[in-house]
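Hi,

Here is the structure I said I would pass on. Have a look at it, and then read on for what turned up.

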Amino acid sequence: MTCLDNTKGTKMKKYLLLLTALFFTGCLNVIGIGETPKQDDSWQQPKDEKVVQNKEQISKNAIDLLTPKCESGDAEACNDLGVNFELMKEYDNAYANYKKACDAKVQLACSNLGTLYENGLGVKKDPKKAVEIYKDSCNSGGVQACYHLGNAYRKGEIVKQDYYLAMEAYTNACNAGDLPSCANIGAMYELGLGMNKDEKRAYGIYKVACFRGLNKACPQMKRLGAKLGM
């Protein structure tokens, strides 16, 4: 019986990793040259109703599996539970589980909690609170929170625009291996946001991000490379 339970857990863990990857990939943006891009969340709205139903069923199965783990004190399971509730658009439940996990110092949960405050999902919209959460988590090693904090300072929509602080946040995340943050650093060099414009350096950053697997950086690398004759 134990072996069967472990096998199910392993399979479900793979599902969760896939869902989590899809969720965050859908929300991440690399700065568009000359404009701020819209979020690419088309994967969340597939035209095929069967695809929607399959994803909902996977999330329902995950919720059934994760709920007792979260209730027994597994804080990471609480975060994963929140992710699945958010995928199901049950934002009140997502908020409750992200908060529980964040209070237990799961930094990814803190980042997720911040996005709910930023967008007013499951909780009253409070951009100031979102930024506070991003800051605290980023200072505690939360890579995803650093990414969101960088976005906040770079865009200047929910906090006073500050390119220096945006670069600092992106750099913290990039140094921890977050490729979208690295690519955003490249874009800031290309556009000269808060620094001297340096297209060659930007090209090099795009190239590294592309070769390390960030597909969104590849068109930027090719475009800028053609311009520079590289």
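One bit of bookkeeping before the helix packing: an axis here is a line fitted to C-alpha atoms, for helices over the stretch in contact, and angles run from 0 to 180 degrees between N-to-C directions. Also keep in mind that this is a predicted model.

With that in hand, take helix α4 (residues 91-103) and helix α5 (residues 107-119): their axes are 8 Å apart and the packing angle is about 140°. That makes the two helices oblique to each other, since only angles over 145 would count as roughly antiparallel. The crossing of α4 past α5 is left-handed.

Who is touching whom? On the α4 side the contact has Tyr 91, Ala 94, Tyr 95, Tyr 98, Lys 99, Ala 101 and Cys 102, and they meet Ala 109, Cys 110, Asn 112, Leu 113, Leu 116 and Tyr 117 of α5. By type, that contact splits into 11 nonpolar residues, one polar and one charged.

Next, the rings. Searching the whole structure gives two aromatic pairs. One of them is Tyr 95 with Tyr 117, an edge-to-face pair with 5.8 Å between centres and 80° between planes. Tyr 95 sits in α4 and Tyr 117 in α5, so this pair links parts 22 residues apart in sequence. Both are residues of the helix contact above. Tyr 95 is buried at 18% relative accessible area, which is under the 20% cut-off, and Tyr 117 is buried too, at 11%.

The other pair is Tyr 147 with Tyr 170: the ring centres are 6.4 Å apart and the planes are at 55°, so this pair counts as tilted. Tyr 147 belongs to helix α7 (residues 143-155) and Tyr 170 to helix α8 (residues 163-175), so here the parts tied together are 23 residues apart in sequence. Tyr 147 is buried, with 1% relative accessible area, and Tyr 170 is buried at 0%.

Most residues other than glycine have a negative phi. Lys 89, though, has a positive phi near 65°. Lys 89 is in the loop between α3 (75-87) and α4, and counts as exposed at 60% relative accessibility. Lys 105 also has a positive phi, about 75°, without being a glycine. Its place is the loop between α4 and α5, and at 64% relative accessibility Lys 105 is exposed.

Cheers

Definitions and conventions: Residues are numbered from 1 along each chain as its sequence is written. This is a predicted model: local features need pLDDT of at least 70, side-chain atom pairs count only at pLDDT 80 or more; totals for chains, interfaces and linings use all residues. Side-chain values use heavy atoms; hydrogens and water are left out. Helices (H or I, at least four residues) and strands (E, at least two) are DSSP runs, numbered from the N terminus. Angles under 35 degrees count as roughly parallel, over 145 as roughly antiparallel, 65 to 115 as roughly perpendicular and the rest as oblique. A crossing is left-handed if the near helix is turned anticlockwise from the far one by less than a right angle, and right-handed if clockwise. Contact means heavy atoms within 4.5 Å. Ala, Val, Leu, Ile, Met, Phe, Trp, Tyr, Cys and Pro count as nonpolar, Asp, Glu, Lys and Arg as charged, and the others, Gly among them, as polar. Rings of Phe, Tyr and Trp (its six-membered ring) pair if their centres lie within 6.5 Å; planes under 30 degrees apart count as stacked, over 60 as edge-to-face and the rest as tilted. Buried means under 20% relative accessible area, exposed over 50%, partly exposed in between (1.4 Å probe, protein chains only).
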